[in-house]
Amino acid sequence: MSIAASDAVRPPIVAAGDAGSGIFAYCSQQYRVVFGAGTAARLGEETERLGIKRALVLTTPEQQDLGRRLGAGLGDRLAGLFAGARMHTPVEVTNAALRIVESHDIDGLVAIGGGSTVGLGKALSLRTGLPHIAMPTTYAGSEMTPILGETTNGIKTTQQSQDLVPDTVIYDVDLTVSLPPHVSAASGLNAIAHAVEALYAPDANPLTSLMAEDGIAALARALPRIMDAPADAGARRDALYGAWLCGVCLGAVGMSLHHKLCHVLGGMFNLPHAETHAIVLPHAAAYNAAAAPDAMTRVARALRTSDTPQGLFDLARRLGLPRRLADIGMPEDGIARAAEMAVRSPYANPRPVERVAIQDLIAAAWRGDAPAQH
Ligand code: NAD
């Protein structure tokens, strides 16, 4: 068993940078990370550290057996299991869990699962102030961000607060081995997208950039090996480590064109989130390549390629991910509408966001072209 623990103490997130002057601000969040194979066995110790005596374990319905198994390790600190976590944190699910928290004298939360379960842990800890331990089992990275997206009557709203960051994150590599290879690949490329955009973020800073480059390198190394051998312990370790770093990037600096496009496309056409990221990323990188040369150099170095957009495209192909938006449910007549929407209130981006060029970008991603720099 190998363990690494880190504590980072910092005030609320305020990262501001000025690439021209070399001046930047870096603020970190406060959390404890325990990383390594077999670290789930430390759950009891970690709950004790936070003074939790009556923990509620949270999972999705699919992961309730895992929740039961790991919860048993808590002995008499386990008060119960709520296995109702769902995608996009529906408020009615949070309210149902809240009733259990209140009626069972719960004094701590243990979220075991992907972004959906961690989202429920965040929503509950925000409402109750209870300590929250997250045990991620995917590469989504939510546990590293001060962000929560919740849905009420199908409408999603997002909020940001330091109170959303889990107190402790236990990254047990063993819990990720069951994640199917194609889900791992899409989730991993989604994580890489956070780090690529962190490298040219308006508030990029040297520390986040170090994490971004290392995170991309670790995932790019690991994902092809996971496709070949899903239980490869070293590859799973690298991938989870990379996902951790990419999650920090997502929580630390602002995202740009790529995330705006995926948000628009996903929302308009109900496209699968991670696959949309995998298809759009090479094209978004190509769009920004000339305006963000330093970021491109760093991504290329991490991917061990000389051409960042092509390297991202090749990685997605190697992982067997879909290459065309047309193949994941986007209609051709949606291209112009999506471009129109994407240029409305755009996120900050290294290159100006222009409608005609964005329409060309979306059309290329719809057809599955190799990324072209204009
Ligand atoms: P998920 O948590 O919805 O999990 C998808 C499915 O995979 C579930 O059925 C789950 O039980 C199962 N699963 C998870 N880990 C598994 C494993 N190791 N083995 C087998 N099955 C496993 O998926 P996700 O992609 O991790 O999270 C998506 C959600 O997270 C979305 O709601 C998204 O908006 C949110 N998210 C939020 C942030 C943030 O910063 N707030 C960041 C990323 C994602």
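Predicted model: local features only at pLDDT ≥ 70, side-chain atom pairs only at ≥ 80, totals over all residues.

Tutor: Residues are numbered from 1 along each chain as its sequence is written, and side-chain values use heavy atoms, with hydrogens and water left out.

Student: How many salt bridges does the count give?

Tutor: A salt bridge is a side-chain nitrogen of Lys or Arg within 4 Å of a carboxyl oxygen of Asp or Glu. Counted by this rule, the number of salt bridges is 13.

Student: In which helix do D65 and R68 both lie?

Tutor: The side chains of D65 and R68 form a salt bridge, with N to O at 3.3 Å. Helices (H or I, at least four residues) and strands (E, at least two) are DSSP runs, numbered from the N terminus. The two residues are 3 apart, about one turn of the helix, and both belong to α2 (residues 64-72).

Student: Is D65 buried or exposed?

Tutor: Buried means under 20% relative accessible area, exposed over 50%, and partly exposed in between (1.4 Å probe, protein chains only). R68 has 45% relative accessibility and therefore counts as partly exposed. D65 has 57%, so the word for D65 is exposed.

Student: Which strand holds E150, the partner of R127?

Tutor: R127 and E150 meet in a salt bridge through their side chains, at 2.9 Å from N to O. This pair links distant parts of the chain, 23 residues apart, with R127 in helix α4 (residues 115-128) and E150 in strand β9 (residues 147-152). R127 is partly exposed at 35% relative accessibility, whereas E150 is buried at 6%. The strand asked for is β9.

Student: How many residues apart in sequence are the parts that E213 and R298 tie together?

Tutor: E213 forms a salt bridge with R298, the closest N and O atoms being 2.7 Å apart. E213 lies in helix α6 (residues 206-228) and R298 in helix α10, so the pair ties together parts whose separation in sequence is 85 residues.

Student: Which residues are joined into one network with E213?

Tutor: E213 counts as buried because its relative accessibility is 14%. R298, at 23%, counts as partly exposed. Salt bridges that share partners join E213 into one network with R298 and R301.

Student: Which side chain of opposite charge is nearest to D172?

Tutor: D172 lies in the loop between β11 (168-171) and α5 (181-199). Its side chain reaches the backbone nitrogen of D174 at 2.8 Å. For charge, Lys and Arg count as positive and Asp and Glu as negative, while His and the chain ends are not counted. D172 is buried yet has no salt bridge, and the nearest side chain of opposite charge, 7.5 Å away, is that of R69.

Student: Where is Y139 placed, and is Y139 buried or exposed?

Tutor: The loop between β8 (132-136) and β9 holds Y139. Y139 has a relative accessibility of 1%, so this residue counts as buried.

Student: What is phi of R304 near?

Tutor: R304 is found in the loop between α10 and α11, and counts as exposed at 73% relative accessibility. N270, in the loop between α8 (257-269) and α9, is exposed at 68%. Phi of N270 is near 55 degrees, a positive value in a residue other than glycine. R304 is also a residue other than glycine with a positive phi, near 55 degrees.

Student: Which helix supplies the largest share of the lining of the largest cavity?

Tutor: On a 1 Å grid over the protein atoms alone, a cavity is a set of points where a 1.4 Å probe fits but cannot get out, and lining residues have an atom within 4 Å of a point. The count comes to 1 cavity of 30 Å³ or more. Helices α9 (273-288) and α11 (308-318) each supply at least two lining residues. The largest share, 4 residues, comes from α9.

Student: What is the volume of the largest cavity?

Tutor: Among the residues lining this cavity are H283, F313 and R323. Grid points are joined across faces, edges and corners, and a volume is the space filled by probe spheres set on the points. The volume of the largest cavity is about 30 Å³.

Key
1 Å grid on protein atoms, 1.4 Å probe; cavity = no way out; pocket = protein on both sides within 12 Å on 5 of 7 lines; lining within 4 Å. Polar contact = N/O pair within 3.5 Å; in protein donor to acceptor, adjacent residues only side chain to side chain.
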